[in-house]
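Subject: Handing over the structure

Dear colleague,

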Amino acid sequence: MSDTGNGDFEFERRFLVRDVPAGLLDAEPALIVQSYYLADEGYALRVRAQASAVAGVDVDLDEVTLLERYADRVDFCAVTVKGPMNGGTRYEAEREIDPQVGVQMVRRGGARVAKIRHSVWLGEDGWVVDVFAGANAPLVVAEVERGGPVTDLAIPDFCVTEVTTDPRFANDGLAHAPFARWADAWAAELAQRGPTFLPGFGHDHRMTGF
């Protein structure tokens, strides 16, 4: 996590997305494989291995296979401690570690998640679009993070519904209960209740044309 000026806290909102315009996606996104050594009631201990500027990643491959295929290209690793989400705010403390050690840690234990991360600038905010691989394919989640509460947000029209406070869509939740196991039930749930967006975040509006 970058230094936002609020100490070890992150302010973010997350959305389930579909049909992201191809022109918004990076030609060479980052591959992230991370392992959760603890994930319980929102508390998490995570090791992340990241390989920058990769192309043509096969999202049908499992998390371990992806790690092994790109292990020699990992250029960033970190250990992160997180607290529970509270209305878009979450405690997060991160320390960068040696990439070789990080790869070995992810390789050796924990519940894993793999995703392809695209960075995109929309309006006044930097977003990331995470295309999940392995057991969490075909899930795609967009996230925006700021140095303070994420209010008055321009939400792209490819964002289907907000999942900021839904623990099932937190990466630690997905590591232990992958999306593929409950995707059909989720689709039925969404069809029944319709899209929802969190109240109390100021004058959000939808951003069309993407």
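This is a predicted model: local features need pLDDT of at least 70, side-chain atom pairs count only at pLDDT 80 or more; totals for chains, interfaces and linings use all residues.

I begin with the annotated region. According to the UniProt record, which is an unreviewed entry, the annotation "domain: CYTH" covers residues 8-176. In the model this span is 14% helix and 49% strand, and its end C-alpha atoms lie 25 Å apart.

How enclosed is E3 by the rest of the structure? Of its 9 residues, 7 are buried, so E3 is largely enclosed by the rest of the structure.

A search of the whole structure finds 1 cavity of 30 Å³ or more, and about 40 Å³ of space lies in the largest cavity. Its lining is made up of Leu31, Val33, Ala49, Gln50, Ala51, Leu66, Leu67, Tyr70 and Val74, and the elements that give two or more residues to this lining are strand E2 (30-40), strand E3 (43-51) and helix H1 (63-70). When the lining of the largest cavity is sorted by class, there are 8 nonpolar residues, 1 polar residue and no charged residues.

The pockets deserve a separate look. The largest pocket holds about 470 Å³ of space, and it is lined by 26 residues, of which Glu10, Arg48, Arg117, Glu143 and Glu145 lie nearest its centre. Which classes of residue make up the lining of the largest pocket? There are 7 nonpolar, 5 polar and 14 charged residues in that lining.

The second largest pocket holds about 260 Å³ of space. It is lined by 18 residues, and those that lie nearest its centre are Gly42, Pro167, Arg168, Ala170 and Asp172. E2, E4 and H3 are the elements that give two or more residues to the lining of this second largest pocket, and H3 gives the most, with 3 residues. By class, the lining of the second largest pocket divides into 6 nonpolar, 5 polar and 7 charged residues.

I then turned to the aromatic rings. A pair of such rings is described by the distance of the centres and the angle of the planes. A search of the whole structure finds 7 aromatic pairs, one of which is formed by Phe15 and Trp127; this pair is tilted, with 5.7 Å from centre to centre and 40° between the planes. It links distant parts of the chain, since Phe15 belongs to strand E1 (residues 9-17) and Trp127 to strand E7 (residues 125-132), 112 residues apart. Phe15 and Trp127 are both buried.

Phe169 and Trp182 form another aromatic pair, and this one is edge-to-face, with 5.2 Å from centre to centre and 80° between the planes. Phe169 sits in the loop between strand E10 (159-162) and helix H3 (171-176), while Trp182 is in helix H4 (residues 179-193), 13 residues apart. Both of these residues, Phe169 and Trp182, are buried. Ring pairs also link Phe169, Phe179, Trp182 and Trp186 into a cluster.

Finally, a few details of the backbone are worth checking in the loops. The peptide bond from Ala137 to Pro138 is cis, with omega near 10°, and Pro138 is found in the loop between E7 and strand E8 (140-146). Asp19, in the loop between E1 and E2, has a positive phi of about 55° although it is not a glycine. Is Asp19 buried or exposed? Its relative accessibility is 73%, so Asp19 counts as exposed. Asp152 lies in the loop between E8 and strand E9 (154-156), and its phi is also positive, near 50°. With a relative accessible area of 42%, Asp152 is partly exposed.

With best wishes

Terms used
Residues are numbered from 1 along each chain as its sequence is written. Side-chain values use heavy atoms; hydrogens and water are left out. Rings of Phe, Tyr and Trp (its six-membered ring) pair if their centres lie within 6.5 Å; planes under 30 degrees apart count as stacked, over 60 as edge-to-face and the rest as tilted. Helices (H or I, at least four residues) and strands (E, at least two) are DSSP runs, numbered from the N terminus. Buried means under 20% relative accessible area, exposed over 50%, partly exposed in between (1.4 Å probe, protein chains only). On a 1 Å grid over the protein atoms alone, a cavity is a set of points where a 1.4 Å probe fits but cannot get out, and a pocket is an open set with protein on both sides within 12 Å along at least five of seven lines; lining residues have an atom within 4 Å of a point. Grid points are joined across faces, edges and corners, and a volume is the space filled by probe spheres set on the points. Ala, Val, Leu, Ile, Met, Phe, Trp, Tyr, Cys and Pro count as nonpolar, Asp, Glu, Lys and Arg as charged, and the others, Gly among them, as polar. UniProt positions are given in the numbering used here, feature names are shortened, and annotations may be inferred rather than shown by experiment.
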